[in-house]
Every structure is written in C-alpha cells, then in structure tokens.
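Hello! Here are some notes to read alongside the coordinates, in the order I would go through them on screen.

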Amino acid sequence: MTKDSNNFKAEILQGIPSKMPPKHIFPEKVNRAPKRKDILSAEEKQLAIRNALRYFPKEWHSELASEFAEELRAYGRIYMYRFKPSYTLRARPLEEYPTQSKQAAALMLMIQNNLDPAVAQHPEELITYGGNGAVFQNWIQYVLTLQYLALMTDDQTLHLYSGHPMGLFPSSKNAPRVVVTNGMMIPNYSKPDDWEKFNALGVTQYGQMTAGSFMYIGPQGIVHGTTITILNAFRKILKPQETVGGKIFLTAGLGGMSGAQPKAGNICGCITVCAEVNPKAAEKRHEQGWVDVLIYNIPDLIARVRTAQKNEEVVSVAFIGNVIEVWECFDQENIHVHLGSDQTSLHIPWTGGYYPIGFSFDEAKKMLQKDPENFKKEVQKSLRRHAAVIQKHTNKGTYFFDYGNAFLLEASRAGADIMAENKIDFKYPSYVQDILGPMCFDYGFGPFRWVCASGDTADLDRTDAIALSVMETLSKTAPPEIQLQLQDNITWIKNAKTNKMVVGSKARILYADAEGRMKIAEAFNQAIAENKIGPVVLGRDHHDVSGTDSPYRETSNIYDGSKFTADMAIHNVIGDSFRGATWVSIHNGGGVGWGEVMNGGFGMLIDGSSEASERLKSMLFYDVNNGVARRSWARNKEAIFAIKREMERTPNLKVTLPNLVDDNLLKSLF
Ligand SMILES: NC(=O)c1ccc[n+]([C@@H]2O[C@H](COP(=O)([O-])OP(=O)(O)OC[C@H]3O[C@@H](n4cnc5c(N)ncnc54)[C@H](O)[C@@H]3O)[C@@H](O)[C@H]2O)c1
C-alpha cells in the first residue's frame with residue numbers, strides 16, 4: 001500500500017482535523033464560481049457565521065469567524081476552503097476506500113467523482129455543473145460526510161440535509177445507506193432570491209439534478225440525450241425519402257450542457273450552427289473538439305453555411321456573437337433553418353444566463369454589474385426580438401422547439417408574442433411535448449446509467465458488450481412501437497467507446513425502458529457473480545420518465561392539469577427507498593430553476609449477490625413504471641400502451657387505467 005493511499009484513508013477517517021489546517025492555496029487555472037449575490041443583512045450575516053462555526057471547537061472560533069466573514073464578503077458564500085482535503089479528489093476503485101460497508105464505499109466513489117476537477121465545473125466551490133449544482137455547501141460537510149461513510153455499517157442510514165450530514169441513524173440492511181434532500185423548502189419560500197438567502201445562511205443548497213445526488217458522469221449524459229432529441233426532431237420533419245445530410249440545426253450556447261449540441265449534431269449528421277456570445281466558451285469547446293469551426297463575423301458565417309449545404313457536409317459551426325444576429329441574417333439571406341432551438345441559460349435570465357443583443361459580451365457583463373435593472377430590461381427587449389425572428393422562420397417552415405432552458409417561459413414573461421391562440425399554451429412545443437415525451441418517456445425509455453466501480457476500462461468495455469447483447473435480444477421480439485428507440489440505443493452503445501466521452505469514473509449511459517434496464521442490470525449482476533467484471537453502481541439522470549415533476553420540461557407532455565403537482569417525484573423517491581436503493585435523493589430546482597421543478601434520483605450498488613438481483617429487479621421496475629403509470633393516467637396513449645403491456649408481463653401489477661371521454665359530450669356542457 002502506498003503512502004498516499006494511507007494518508008487518504010487516514011484523512012477520511014479523522015473527519016474534522018484535530019489541528020487547524022493551514023490556509024488554503026488555490027490551484028492555478030481553476031474555474032472559480034462567480035461571486036454570489038450579497039443578499040444578507042448585517043444581522044443575517046452574523047447568523048451565517050454562527051451557523052458555520054457550529055461545526056468547530058470554540059478555540060477556533062475567533063480565527064475562523066474573521067476568515068468566514070471574509071469569504072462571505074468576497075464570494076457571497078462561506079465555502080470553508082481551508083478544510084478542503086489534501087488528497088486528490090477522484091473516483092478510486094471501490095476497495096481503496098476505508099469502510100465497513102461496500103455500499104458506503106460506492107457513495108464515496110460517486111461523491112469524489114462529482115468533485116474531481118476533471119469533472120466538476122467549479123471544484124473549489126463544490127459545484128459540479130450548471131453554475132450552481134452543488135454536492136455540498138462547504139468543505140466541512142464533505143469532510144464529515146466522508147467520515148460518516150467510512151464508519152457506517154449496513155445497519156445504519158446517513159441523512160443529508162442539503163449537504164449537511166445530520167447523522168447516522170440505526171436502520172436495517174434493506175434500507176438505503178444514504179437519504180439526500182436538497183433545497184426542500186416550504187413552497188412559499190422557493191423564489192430565486194430565497195435560494196440566494198438561505199444558501200448564504202448555510203441552510204440549503206441547489207443540488208441541480210445529478211450533482212447533489214452524486215450521479216453526474218460528465219458530458220456523456222447530455223450528449224446522448226441531445227443526440228436522441230435531434231435525431232427524433234429530424235424524423236418528425238423529414239419526408240420518408242429525405243436524409244439529414246445538408247439540413248441546418250440552428251441553436252445557441254456552448255456552455256456546460258449546451259456545448260453538447262454541436263457534438264450531437266455531428267453524430268446525427270446535420271449542419272449545426274451554434275451561436276455563443278462568450279468567445280472563451282466557444283474557443284474552449286473548439287479546443288476540446290466539440291465544435292469543428294469558429295466563425296467571428298456574419299459574412300463568413302453565411303459563406304461557410306452555404307458551402308456546407310452545397311456539399312451536404314456534416315459540420316458544426318460556432319458563431320461568436322449573439323444568436324439573434326444569426327436568426328435575423330438567415331432570415332434576410334433566405335437560408336432555411338430546418339430545426340431551431342436555444343440553450344442559453346434562461347433558467348437564470350437576469351444574472352448572466354442570457355445576453356442581450358446590441359452589446360459586446362464585455363459591455364453586457366459590465367452593465368450587469370453596474371446597472372442590473374437596465375440589464376434586465378435589455379434581456380426582455382432581446383427576448384421579444386428573438387421570439388419575433390423565430391416566428392418569421394417558423395412561418396417559412398422551421399421546426400422550433402424549446403430545449404428545456406425556459407426560453408418560452410421567459411420570452412412569455414418578457415411580453416413576447418409567443419402564446420398560442422388559447423392563451424394557455426405556447427406557440428411552440430417543448431422538446432418533451434413533441435419528441436422525448438411521446439417517443440421515449442411515455443414508453444418508459446429514459447437515461448439509465450452505470451459506473452464500473454473497479455475504475456477499469458476493460459470492465460466498461462465488457463458492460464458495453466453485455467448491454468448491447470441484451471438490447472439486441474430484446475429488439476428481436478419488441479413491438480414496433482419501441483423498435484426505433486431500441487435501434488437508436490443499439491447504435492449508440494456500439495459507437496459509445498469511439499465517441500470518447502468518458503471523464504472521471506468509467507461510466508456509460510443509454511436509454512432503456514423498465515424491461516431493458518432490469519435485464520441489463522441483471523446481466524451485469526450475473527457477470528459480477530462470475531467474476532467477469534467488478535461491482536457496478538446503477539443510477540440514472542433525473543431527466544427521465546419518472547422521478548421528475550417539471551411542468552416546462554420532463555412533465556410538459558402531461559395534459560390533465562397535474563403537471564403542476566409533484567406527487568410523482570415524491571413517490572419515486574419513497575418507493576425506491578424501500579425497494580433496495582443504496583441511496584435516494586430528492587431536489588427542489590434542476591435545470592429549469594429553483595421552485596420550478598422537483599426531481600428525484602437513486603444510486604444502487606450491485607455486487608453479484610442474490611440480494612442485489614432481487615433489489616435491482618424490484619427497484620428498477622418501480623422506478624420506471626411509477627412514471628409510466630402516471631403518464632398513462634394522464635391519458636398519454638403511448639403510456640397506456642406501455643403500462644398495459646407491463647401488466648400483461650407482470651400479473652401482480654395492477655394500475656388504474658383512465659376511461660376516455662367523448663369530446664362532444666364535454667363541449668355541450670359549458
Ligand atoms: N434539455 C436538456 O436536457 C437540458 C439539459 C441541461 C441543461 N439544460 C438547460 O440549458 C441551459 C444551458 O445550460 P448550460 O449548462 O449549457 O449553461 P451555460 O450557462 O454553461 O451555457 C449557456 C451559454 O449560452 C451563452 N449565451 C447566453 N446568451 C446568449 C445569446 N443571446 N446568444 C448566444 N449565446 C448566449 C452563454 O455565454 C453560455 O456560454 C440551461 O438553462 C439549462 O438548464 C437543458
């Protein structure tokens with residue numbers, strides 16, 4: 001055993017150090033989180049310091065109080081940088097963790113993966129992705145949690161309140177080892193500024209979707225989801241003999257998630273034009289090979305796009321500038337946009353998520369700092385102009401969809417002409433309403449993912465082969481309704497290795513339904529039992545059939561009025577917890593914003609045992625079918641088909657089915 005691994009174990013086991021560690025030195029070139037809003041009153045700032053100091057012995061209080069006050073002044077939050085561990089944060093093979101419980105070791109692996117500087121967006125501030133997706137609020141919560149995980153047995157459960165480890169409570173070996181809640185608020189206290197305030201006080205955090213549930217696996221997940229979306233969007237608009245070649249997909253954003261768009265466009269075979277106002281973001285994506293060409297002015301863009309169209313090239317072009325410029329010039333030049341979307345960060349429109357037209361990137365940033373009210377007005381003006389030019393294109397036949405970034409919502413709030421005639425719906429569908437909902441989620445297809453806990457690439461290759469073989473077998477007898485979904489994912493998994501998207505842990509994602517997920521997981525468990533591969537952690541994105549109630553995204557294709565309820569997410573997390581999940585999590589706030597969504601997830605370690613086999617079948621079955629049942633009750637015909645099929649396969653599943661009402665009967669009533 002090396003000295004480093006001994007230090008690593010000793011440091012985890014010690015928890016809060018007995019001697020005050022030295023002041024933190026920030027690594028060079030690390031991407032730091034933006035300064036957060038200074039929102040607390042003087043009295044509240046004292047409360048934030050009092051809250052932070054409760055983790056530490058009294059003798060340290062005077063030194064730490066001034067240090068934490070300085071952090072609050074400088075960064076708007078108290079991160080307790082000094083307590084960041086000295087060892088490297090990365091997913092290690094399971095057996096390297098000091099632990100009494102293999103399941104707890106799996107959690108340590110996943111937590112460290114989410115904080116690995118190669119994976120995390122702002123690793124110093126414990127932010128994994130999305131600008132605010134936190135694993136913990138501060139480093140002492142991390143240190144204490146890892147110590148609890150190292151000490152816990154399979155008869156205990158650790159309860160995490162927005163990163164704070166409340167403690168280990170006696171439970172049983174069938175209970176989850178960890179229960180996570182993030183950002184759970186009394187509903188009236190769930191406005192964006194409530195997050196700023198209560199996060200600054202140190203009592204809540206924004207867990208995004210997979211950050212606070214330790215299930216983020218790098219950009220692979222978003223590339224896969226975006227590929228499936230673009231592929232199916234083209235299927236909706238192309239005539240039977242037409243191909244994707246030479247067709248244009250116009251969108252915006254080359255940031256954390258949006259950067260996946262050009263890569264996915266290339267996998268689908270189209271011409272992607274992606275505008276990005278921040279030159280650094282675009283250049284970074286170009287250096288990483290995620291986008292092929294950088295273009296800095298409109299005439300060059302037009303010329304390049306025309307060439308690409310003529311040659312039916314598969315190419316992705318980043319335009320450095322505001323996306324509205326591109327929409328407007330393509331309209332004037334009569335360049336037909338086949339697919340249009342947007343992935344600027346409109347879940348945070350007033351704090352730099354969306355940049356207004358008419359200003360350089362630097363000018364807009366200055367305005368945001370000096371005159372946020374004017375910035376807001378300019379954003380609203382731009383959104384109205386943005387919506388207006390999109391309308392010109394859709395009049396000419398462009399298929400525009402909202403890509404889950406709250407574009408339609410914020411454009412409507414800005415007064416853009418974006419509402420449908422009934423004044424309730426938007427003019428354009430969200431990608432879930434038109435594409436992922438009916439084509440995938442309603443059939444139970446969603447983002448199943450796994451991590452090879454050995455950290456061995458050969459294990460990942462073997463699991464890819466196992467998953468491929470299971471899906472090919474399923475496709476032989478699957479009904480026509482789900483053939484395409486299976487085929488798309490068979491193609492994906494065949495090419496998964498060559499797409500080279502593994503960062504940090506050895507992880508993979510694909511879309512499968514309940515049957516597919518259970519059969520793949522069972523085949524993994526069998527391979528583990530036969531010593532062909534090491535243990536595997538199963539999980540999923542929260543962007544799924546079940547688990548997430550998000551009226552403008554995951555559940556936007558629910559039309560019985562229940563899309564503003566969050567019962568499904570809560571049932572998922574409770575239901576999964578007693579069916580064998582190793583950990584469960586429930587979060588307020590994901591990609592669409594704090595207060596706009598409830599999302600839940602799970603993690604499950606499988607180790608080749610017969611208990612793991614029972615657990616995976618019971619939990620995965622419920623995890624997916626809870627959402628299919630809810631979608632079926634909402635009268636979604638694809639989900640009614642899927643749940644009836646599941647009931648035929650599973651005699652002890654009895655789901656309440658809806659009776660459909662004749663439209664004419666209702667029309668005559670009011
Ligand atoms: N549909 C999905 O599956 C899905 C998944 C993840 C994220 N999202 C949503 O997509 C959005 C983007 O996420 P992200 O992680 O990439 O955020 P990000 O902030 O890292 O990237 C957004 C990018 O848009 C650029 N931008 C802003 N205004 C612009 C404008 N007017 N013209 C051109 N570029 C502009 C910004 O400079 C930034 O680089 C978020 O709202 C997120 O919630 C959707």
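This is a predicted model: local features need pLDDT of at least 70, side-chain atom pairs count only at pLDDT 80 or more; totals for chains, interfaces and linings use all residues.

1. H2 itself runs over residues 42–53. Its twelve residues should span 16 Å at 1.5 Å a residue, and the end C-alpha atoms are 17 Å apart, so the two values agree. Its buried residues are Glu44, Ala48, Ile49, Asn51, Ala52 and Leu53. As background, an α-helix has 3.6 residues a turn, so residues three or four places apart point the same way.

2. Buried in H22 are Glu638, Ala639, Ile640, Ala642, Ile643, Glu646 and Met647. Among the elements covering these buried residues are helix H16 (431–439), helix H19 (514–529) and helix H21 (610–633).

3. Is Arg635 buried or partly exposed? Its relative accessible area is 44%, so Arg635 counts as partly exposed. Leaving aside neighbours within four places in sequence, Arg635 is in contact with Asp560, Ile640, Pro658 and Leu660. Ile640 is also one of the buried residues of H22. Arg635 and Tyr559 are 76 residues apart in sequence, yet their C-alpha atoms are 8.1 Å apart in space.

4. The largest nonpolar core has 146 residues, and Phe68, Tyr142, Trp450, Leu510 and Leu538 have the most contacts inside it. Helix H4 (residues 102–115) supplies the largest share of this core, nine residues. There is also a second, separate core of 49 residues, which includes Ala252, Leu301, Met367 and Ala411.

5. Tyr142 deserves a view of its own. Not counting residues up to four places away in sequence, Tyr142 touches Pro85, Tyr87, Leu89, Ile111, Gln112, Leu115, Leu126 and Phe136. Leu126 turns up again in the contacts of Asn138, together with Tyr55, Ile78, Tyr79 and Met80, when neighbours within four places in sequence are left aside.

6. Asn138 is found in the loop between strand E2 (133–134) and helix H5 (139–151). Its relative accessibility is 6%, and because buried means under 20%, Asn138 counts as buried. The side chain of Asn138 reaches the backbone nitrogen of Ile140 at 3.2 Å. For a sense of distance, Asn138 and Pro93 are 45 residues apart in sequence and 25 Å apart in space, C-alpha to C-alpha.

7. Thr128 sits in strand E1 (residues 127–129). At 1% relative accessibility, Thr128 counts as buried. Its contacts, leaving aside neighbours within four places in sequence, are Asn114, Val119, Ala120, Gln121, Gly133, Val135, Ala211 and Tyr216.

8. Two backbone angles are worth checking. Most residues other than glycine have a negative phi. Ser162 has a positive phi of about 45° although it is not a glycine. This residue is in the loop between strand E3 (156–161) and strand E4 (164–170), and at 5% relative accessibility Ser162 counts as buried. Glu312 likewise has a positive phi, near 50°. Glu312 lies in the loop between helix H10 (298–310) and strand E9 (315–320) and, at 48% relative accessibility, counts as partly exposed.

9. Finally, the ligand. Which of the 28 residues around the ligand come nearest? They are Ser258, Glu276, Ser345, His347 and Gly591. An oxygen atom of the ligand is 2.7 Å from an N or O atom in the side chain of Ser345. A ligand oxygen atom also lies 2.9 Å from a polar backbone atom of Met257, while a polar side-chain atom of Tyr431 is 3.2 Å from a nitrogen atom of the ligand. The protein covers 90% of the 850 Å² of accessible area that the ligand has on its own.

Conventions:
Residues are numbered from 1 along each chain as its sequence is written. Side-chain values use heavy atoms; hydrogens and water are left out. Buried means under 20% relative accessible area, exposed over 50%, partly exposed in between (1.4 Å probe, protein chains only). Helices (H or I, at least four residues) and strands (E, at least two) are DSSP runs, numbered from the N terminus. Contact means heavy atoms within 4.5 Å. A nonpolar core is a set of buried Ala, Val, Leu, Ile, Met, Phe, Trp, Tyr and Cys residues joined through side-chain atoms within 4.5 Å. A residue is near a molecule or strand if one of its heavy atoms lies within 4 Å of it. A polar contact is a pair of N or O atoms within 3.5 Å; within protein, one must be able to donate a hydrogen and the other to accept it, and residues adjacent in sequence count only if both atoms are side-chain atoms. Accessible areas come from the Shrake-Rupley method with a 1.4 Å probe; for residues, only the protein chains shown count as cover. The expected span of a helix is 1.5 Å times one less than its number of residues.
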